[in-house]
Amino acid sequence: MLAFGAATGMPLDGRGAHAGDPDALYDVAPFGNVSLLHFTDCHAQLLPLYYREPDVNIGAGAANARVPHVTREALLRHFGIAPGSVSAHAFTSLNYEEAARRYGKAGGFAHLATLVKRLRASRPGALLLDGGDTWQGSATALWTRGQDMVDVSVALGVDVMTGHWEFTYGTRRLTEIIEGDLKGRIDFLAQNVRTVDFEDPVFPGTVVRELNGVLVAIIGQAFPYTPIANPRYFTPNWSFGIRERELQISIDRARDEGARVVVLLSHNGMDVDLKLASRVRGIDAILGGHTHDGVPEAIPVSNAGGTTLVTNAGSNGKFLGVLDFDVRLGRITDFRYRLLPVFSNLLPADREMSALIERVRRPFAQRLAEPLATTEGLLYRRGNFNGTFDQVILDALIDVNDAQIAFSPGFRWGPSLLPGHVITREDVMNQTAITYPAVTVNEFSGEQIKSILEDVCDNLFNPDPYYQQGGDMVRVGGLTYACAPHAPMGSRISDMRLDGRRMDAGKTYKVAGWAPVAENARGEPIWEVVETWLRDQGQIGPVSTNEPRLIGVAEDPGIK
Amino acid sequence: MDLERRTFVRTAGSAGILAFLVARGFLTVGDARADLWNKPAFDAESLEDAIDILVNSPAAESPEVVIVAPEIAENGAVVPVGVVAKLDGVESIAILCEKNPHPLAAIYEIPPGTLADVKTRVKMAETSHVVVLVKAGGRIHMARKEIKVTRGGCGG
């Protein structure tokens, strides 16, 4: 268990060490004898991209105004990052367009591969951990049912992974990959996935590896609310959940078997991980994902067993986390943690990985490159309430379906596009490529619409993170509303208006949406609706987003 | 996975299982006695009424009563709810869903010397508190937990 605490003056390490100088970004001196490399939520983005971090990320309950719920200048101040630096660009949305042009694209598996190789060379035996959401998010991943990402993950040398969107290919495909391509190469771990009937484990929960003579246990935690946030029919016989009790048993067993370092590879989301870390004993670090929070430092959390570090490694291939432990006489004496942004101008592409990516993309290259329209403004997705790319999807849904109102899910994946970019089919798929893409048009009463908004809002702002699902607020087109994030469940939404007039609880409205979780829903795939609309437009002017009037968040550091 | 157990349950009819359990001595024929059925409590239409019928002394919240249930239900029609009572002399455990039309979902009579660790599935139409009452050593211990029933979607 972690023994550093006050003895080594933690958590000062890393503070002030965020590189202002791009050339020094990857000068990460080796440390200790147990190293873990971690990426998460890459969402099948094989190529370098732009990804704008959120300017609105409000924390609920105890998480309010605390990491990861600090954005922009508040984030720079909190972590001591110099404004205008390469790190400031990596972790915030400040001066986004200008900084993006200056520092270039991020991510890309060929550049990530170079960084992984460098770190492995300086840290013999280092394990590469993938937090999941790897096989979904692009056209090629969807069209190959995850195969392109499986091939790339194996080539990258991933050792252990867990999952979330992986489950949306269904139990049969998931099992086929795990028992085929991954066998003997990548351990797919999920202690919290159990059979519905007897709650028997479906997957191994823990793997123990020896690193430089130290036994290290990795426990996998899949996204606990997969069958709720995504369609349950993909995994009808599997039950998920946080499963603290079972996790504690796995930790205790790993310790009994001699593990000196115990790490949870988690897809819980950061707020859930922070709570979990305060309640479960014996975890040295939780390497987290799901909520796409690029958090520059490891957050120490006290619990009955000592201290647990909690990290979150961002998304879309933009970051690689590096956690080094110094383990002496069976005890962790110190650690270093860095979340390294992967900038493709600063890291040469790995030739073998480039060739593999080119090979998996070749059959689809022409289809992917189909131009649809040009954007005059920045298109991005991330933010609690809306993004310009989501607004484009909402506008398309309303126009194409002649609807009064549109809903689009609060997904956090999908690259950003800079002004002047020609939007291609691939760009649209990067925002929409899911296995349940149907567009549905429904007649909902004003009361039903309010209840939908309240329901999703509670999934984001319930003061107890165990009652949150991650993801952002459903994006809303057509209607305007006010939102009080800190109000109780069922009373956050008010002042719903259509064309400036108050909506009527009893009246019905025509509502278009996509990504239905019900099995019998049928409709045109969302990407076809968006493509049709973009072709008609030809040119997309600067987009202004429809966002709710917020109540009671004036001084929040998680807001622009 | 314990396929043998699963196959056994699937293929054996419920009557067959009962006969098997009786034959193996797990159950005695008299166990399903109708007089154990607390009809007024199961018929009660509010949490308060059901509790009034079940217990006649005030219940105190106890950290020794642990409700093992998801925070968010995967399927409101079958929500797994378990109770572990780390108390001596547990006599019975009752599980109630506050907003159900008939809140009382189950009563377990715990014979002496039996581990007080039970699990069932309850049906829930909407987000509600689940309340558990445990009778042990002549006193009533209580725990409650909110279980959210959501329409789903929009994650991640």
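Lys318(A) sits in the loop between β12 (306–312) and β13 (319–328) of chain A; helices (H or I, at least four residues) and strands (E, at least two) are DSSP runs, numbered from the N terminus. This is a predicted model, in which local features need pLDDT of at least 70 and side-chain atom pairs count only at pLDDT 80 or more, while totals for chains, interfaces and linings use all residues. Residues are numbered from 1 along each chain as its sequence is written, chains are lettered from A and ligands numbered from 1 in the order in which they are written, and side-chain values use heavy atoms, with hydrogens and water left out.

Lys318(A) has a relative accessible area of 4% and is therefore buried, where buried means under 20% relative accessible area, exposed over 50%, and partly exposed in between (1.4 Å probe, protein chains only). Its side chain reaches the backbone oxygen of Ala90(A) at 3.0 Å. Beyond its neighbours within four places in sequence, Lys318(A) is in contact (heavy atoms within 4.5 Å) with several residues, including Tyr51(A), Glu53(A), His89(A) and Leu340(A).

Other loops of chain A hold some backbone features. Most residues other than glycine have a negative phi, and most peptide bonds are trans. Ala44(A), in the loop between β1 and α1 of chain A, has a positive phi, near 65 degrees. Because its relative accessibility is 2%, Ala44(A) counts as buried. With 61% relative accessibility, Asp402(A) counts as exposed.

Arg255(A) belongs to helix α9 (residues 244–256) of chain A. A relative accessible area of 22% makes Arg255(A) partly exposed. A polar atom of its side chain lies 2.9 Å from the backbone oxygen of Gly282(A).

Now to the contact between the chains. It takes 47 residues from chain A and 27 residues from chain B. The size of an interface is often given as the accessible area lost when the parts come together. Here the buried area (accessible area, 1.4 Å probe, that two parts lose on being put together, summed over both) is about 2800 Å², and carbon and sulfur atoms give 50% of this.

Four salt bridges are counted between chain B and chain A, each a side-chain nitrogen of Lys or Arg within 4 Å of a carboxyl oxygen of Asp or Glu. One of them joins the side chains of Glu199(A) and Arg121(B) (3.9 Å, N to O). On the side of chain B that touches chain A, α1 (3–11), β3 (79–85), β6 (117–122) and β8 (139–147) each supply at least two residues. Among these, α1(B) gives the most, with three residues.

Confidence can be read from the predictor's own scores. The complex has an ipTM of 0.90 and a pTM of 0.93.

How values were computed:
Polar contact = N/O pair within 3.5 Å; in protein donor to acceptor, adjacent residues only side chain to side chain.
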